[in-house]
Amino acid sequence: MKKLMIAAMMLLGTSTAFAGDSDALKAILKAKGYAEAASLVKSSLSQLASDAEKAKAYNHLVQLAMEKFNNETTIQTENQTAKLTQKAEQPFDTLGYYNAAYDALMNAIECNKYDNMPDAKGKVKPKFHDALLQVIPNARIQLVNGGQWAAQHSNDEGVLKYWGTFLDTEDADLLKTIDKSSEQGYLGQVAYFTALYANQNKQIDRAMKYLEMAMKDPEQAKEAQNMKFTIGQQNLKTHADTLKFVDELKVFYEQNSDSEAAFGTLCNLYSQMNKKDEVVKLVNDKISRDPNNSTAWALKGQTEMNEQKYDDAIESFKKSVDIDGTNPVVLTYLGFCMNSKAAGIEGNIPAQKALYKESMGYLERAKEIDPSREKANWAYPLYQCYYINYSATDPRTKELEDILK
């Protein structure tokens, strides 16, 4: 009897080990359309008997998505031939094509996750990994084109879906063994522009994540760094947030003293916190290390201007302009300081006019660079120059007077 019971238990164990698919999985595998199958997976995932069944279910979703993707790829190819032969083209489902690429990728990652779970004996025996790698990398690359298509159609949600997913899956376990060297030529650019869209849509954490990726690309590093500090500064809500951000920025600047973005942002924050001594020290240190730094001279001039030290400010702004004369804000500040100094001259009209005339040259350059005054409001100080040097009735003066009304 004992032997018979043992035999029965062995038989039971065998039947369990080789049991067929659960009813929930059978229903999923019978679904012919992606939407139906995806809905069943979502609603019955907890009813699937094992991780192996879950892997099988997600693999079915991959196959359905790839079927759509491949069909549209075929149409795309045939349409290219039709153009050459001047034959009628078939309708191409652009949105469906990119969504299929997205669906295939996301379900492949889920499939791979469950496919690599240990079985009852603690062993990992993936069944779908190699087959997935035959098709998924190409589908993923198409998300780059998908993001560009969405951007061209003013579809922010689509941009973040396609480009964001492309970036988010860069380190996915499924794709770790494939060669991604070809992506390095555009990964940083995609990351930078995706960060811009994320920031515009108030998804700050995503924006920061993508900027970190962009900063690894030498061609995008500077702009990405500038954007990172700008976003960080814009989203400071409390004094504690500001102090924390300043401390992080100080550490970064100590390690990256050539970062113009970090330098400028740190100076700006110190100014907002009314820490004049810190601003002066930071600027003087920068100038001592890099005497040809236009930003440092401009910030020095701005500090002196705020203290109404116009002679010093004029000298500093001129040094900045000599190094880089393309910043309309610096040119306008220089003109303002020269006008302020001229206004204080008493009893020497020729000297006063001469200073206004010199100021006019810098302000007209600011006007030429920034005619719409988007960055610098050069109009009033330039009006002063025209009024003093030309008269109130001169057409140039009148033109600016109309602008200022």
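The model is predicted: local features need pLDDT of at least 70, side-chain atom pairs count only at pLDDT 80 or more, and totals for chains, interfaces and linings use all residues. Residues are numbered from 1 along each chain as its sequence is written, and side-chain values use heavy atoms, leaving out hydrogens and water.

**Salt bridges**

The whole structure holds 18 salt bridges. The term means a side-chain nitrogen of Lys or Arg within 4 Å of a carboxyl oxygen of Asp or Glu.

| Pair | N to O distance |
|---|---|
| Arg140 and Glu183 | 2.7 Å |
| Glu212 and Lys228 | 2.3 Å |
| Lys281 and Asp285 | 3.0 Å |

Arg140 is buried at 1%. Glu183 is buried too, at 3%. Glu212 is partly exposed at 37%. Lys281 is exposed at 54%, while Asp285 is partly exposed at 32%.

Lys281 and Asp285 both sit in helix 13 (residues 276-289), 4 residues apart, about one turn of the helix. Helices here are DSSP runs (H or I, at least four residues), numbered from the N terminus. Separately, a network of salt bridges links Lys68, Glu72 and Asp93.

**Helix pair**

Helix 5 (residues 94-115) packs against helix 6 (residues 129-152) at about 140 degrees, with axes 8 Å apart. Axes are lines fitted to C-alpha atoms over the stretch in contact, and angles run from 0 to 180 degrees between N-to-C directions.

Methods: Helix = DSSP H or I, 4+ residues; strand = E, 2+ residues; numbered from the N terminus. Buried < 20%, exposed > 50% of the residue type's maximum accessible area, 1.4 Å probe, protein only.
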